[in-house]
Amino acid sequence: MSRVLDLADEALRTAGGDDAEVLVHAERSGVARFAASIVHQPTLIENAVVRVRIARDGKVGWAATNRVDAEGLAEVARRAAEAADSAKPDPDFPGFSPPAAYAEVGGYDEETAALGAADQARLAAAAIEAAGNFGLYGIYTSGVTEIAVASSTGLAAEQETTDIVCLCLAADNEASGWSERTGWRAADVDPAEPAREAAETAARTRGGAELEPGAYRAVLEPVAVADLVRWFSYDSMGAQGYLEERSYFCGRIGEQPFDPKVSIADDALDSANLPRPFDFEGTPKQRVPMIEDGVIRGVVWDRTTAARALDGQSTTGHAPPDAWRFFGPLPMAFDMASGEAGSAEELAELVGDGIFVTRLHYLSVVD
Amino acid sequence: MKALAEAAVDAALGAGASYADARAVALRRQYVITKNGNVDDLSDTESDGMGVRVLVGGAWGFAGSGRLDDSAARDAALRAVEFARAAPGRHTKNLTSVEPRTGTYRTPLERDPFSVPLTEKIDLCLRAEAGMRQGDVKVTVAMIRAQREHKVLVSSEGTNVEHEIYECGGGIDAYASSDDVSQVRSYPSQHSGASAQGGWEYVEELGLDREAPRVGEQASALLRAPACPPGRTTIILSPEQAVMQVHESVGHPTELDRVYGTEAAYAGTSFLSADDLGSLRYGSEQMNITADSTTAGGLGTFAFDDEGVPAAREAIVEAGVLRGFLSSRETAAQLGAGRGGSMRADGWARMPLVRMTNLHLEPGEGSFEELLADVDGGLYLETNKSWSIDDKRLNFQFGTQVAWEIENGKLGRMLRDATYTGVTPVFWSKLDAVAGPEEWRLYGLTNCGKGQPGQEAHVSHGAAHARFRDVEVGVSA
């Protein structure tokens, strides 16, 4: 049993005989943030948070702490119980997740976990060096995250993951270019690559003209497409927006409002992404096709929204982290199917005259 | 906590830092959220820890630990020094001088929000929700929040200050829908309601249950309201929308770290340059913007910022001319003007950044009705719904939850899906009137994002109704 699952188990015991669920989220990370090619905001973090949810007679409350000694665990259990006692019975509360078996998804790399401050600074320097004459702005970050869920149902889930992000903006007063890489194996993320890409893009933007407002044919780079899909998902691809009739998918499941080239799934089990075998309730993750060949297939669910649907719907393993609870279950591992074009240049040829969009800034849903 | 912070600073100096500061923080947050007549979320979180910031060879290092004990404090200091030493390249940092201060600050309050029973908070939320439930309203939400932050800052220059800051707030939302139209109406503002530094009395003054029937009725009525037509016209912004305009198009671009490019990779830069100070015309003569970290009830109110610089009230824009930036000791030294005073960190685990404190559009004169009376045809725009602005804070578009036609100086029919767009200094040049002090309102926002890793700042803005001529409205795809 791992350190975090031990801690979850201890917190569960501290909660006494209550129906309870404990989530432990531990983080050790370093961010080398650079601007104008100088590392200016390096941040190292070590923390572990214990969240206790208690249910009493259908009334649910939760509390969280990062004081993980016996006194801290007793206090967090007391406050969770107080919250539960103060609540009203929740007719949608489905109970805590039962024990389950989880897929082996990977996501942890020893070499990445071993990266320290000096390594993060060195890898940031490698990105800066690769940007050439452009000032480079961005981050190189790596970290280790441990998550464990235990509950009075007997559920015990744990995962240790590593992650790397190298994000690069190459810029001067008249040019800018953007590129980024994400992964869970340091060996897969060469910081020089996004830095060089960003610099190459920046070089092409020099002398760029102002674009008049209007309608254009466009090719979007993957990061721009991902941003659009992510913003669309907030209301439309989660069960809460669907049940509250804010989702574009309402009344359209089975219809084909999108081009047949569009297929989007959520697949946290894919080890090519940052894989996760279970959600923040400990429910196994499922691959969920949301749009297939332009046809709307469905949204993602957690246990609460599935119970609220009253039609036999099951959770798909998309319970959100605490900070996102208000939004309900959301897809967080998009997989948009690729098409037939072999390159961005090939797409540009299909467009003819138009614009090439590398990224979008500050998206917002107007209505 | 003070002894631990002192130990961390000593450890950093012993390891070779030329400067060090340590913040020990104990934070507690409580949320009560009800939705559709049920308790949706009842949470109580705490986060204790220490952040240590050091200068070694002119390079910054920062490390945070989620444990408040002696070994964790010293370990964080050593890790911060290690990271600073590892930073590639040559570094130089000059900081404006600050007189070492000792002192304490505690939010003035009548009733500790954590002493109010959860059941009382739940009942208030449920009453407010019931008041909104009418017509085509499909979803109702009510929220109340409370926060207490106990913070000690110790620096190697002799600063040793302590804050105990209380916040609370709340808000309600009604969502109505029919066929393909979905509308929301909120009070006192969207985006997590409104908050203030203070006690439970602030939530009581909001009168969430008192305002609920109007909110529900307007959400329902919006479904049948015509969409705002496109065109150029005079607009009057409600105080709540005016503060969003100040936040996005004045607050962020005047953050000096953006001006110097250090936020370029995330939050963006600024259309302003350091040379614009004292000369750039930001807006009309009616535009007066003040940064005031002493405002009673402001979420950006303190005795000292997270670098130990004392709170102050300072002009940012005076009669339309740029007079100041929001700054840190480092950026103020780089500029050669100012003293810092806007450095704030989101909890113990983040490095302080240049943030807004309380940034206000100063009042003009006259009532809202007097502003209306001078408009033959136009729009009154209330309550922010969406916002978007480019990475230099120049081109923007805002949407509001509701618009009201103005005809011959009087409010007319309701319109939905209102948007307006502009270019920051051009837009502010069209400001021709701000209502007087009696119309001025303070709003606290808790979701201002910046930095990598991300940080959320709690800031306040005050504004009265503001009138702008010849503005482009109703633009849609």
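How far is the sulfur of A:Cys166 from the closest cysteine sulfur, and which residue holds that closest sulfur? Before I answer, keep in mind that this is a predicted model.

The closest cysteine sulfur sits in A:Cys168, and the gap is 3.8 Å. What about the rest? Searching the whole structure, over all chains, turns up zero disulfides.

Is A:Cys166 buried or exposed? Buried: its relative accessible area is 0%. Over in the other chain letter, B:Cys448 is buried too, at 3% relative accessible area.

Now the strands. Start with E4 of chain A, residues 135-151. How many of its residues are buried? The count is 17 of the 17, so strand E4 is largely enclosed by the rest of the structure.

Who are its partners? One is E1 of chain A, residues 19-35. E1(A) and E4(A) run antiparallel, joined by 14 bridges. To find your place, take A:Ser29: its bridge partner in E4(A) is A:Gly143.

Another partner is E5 of chain A, residues 156-172. This pair is antiparallel as well, and 16 bridges join E5(A) to E4(A). Here, look at A:Ile139, whose bridge partner in E5(A) is A:Leu167.

Last stop, the turn. E4(A) and E5(A) form a hairpin with four residues between the strands. In that hairpin, A:Gly154 takes a positive phi near 100 degrees.

That's the tour. Questions, please.

Conventions. Residues are numbered from 1 along each chain as its sequence is written. Chains are lettered from A and ligands numbered from 1 in the order in which they are written. This is a predicted model: local features need pLDDT of at least 70, side-chain atom pairs count only at pLDDT 80 or more; totals for chains, interfaces and linings use all residues. Side-chain values use heavy atoms; hydrogens and water are left out. Buried means under 20% relative accessible area, exposed over 50%, partly exposed in between (1.4 Å probe, protein chains only). Helices (H or I, at least four residues) and strands (E, at least two) are DSSP runs, numbered from the N terminus. Two strands pair if DSSP finds at least two bridges between them. A disulfide is a pair of cysteine sulfur atoms within 2.5 Å.
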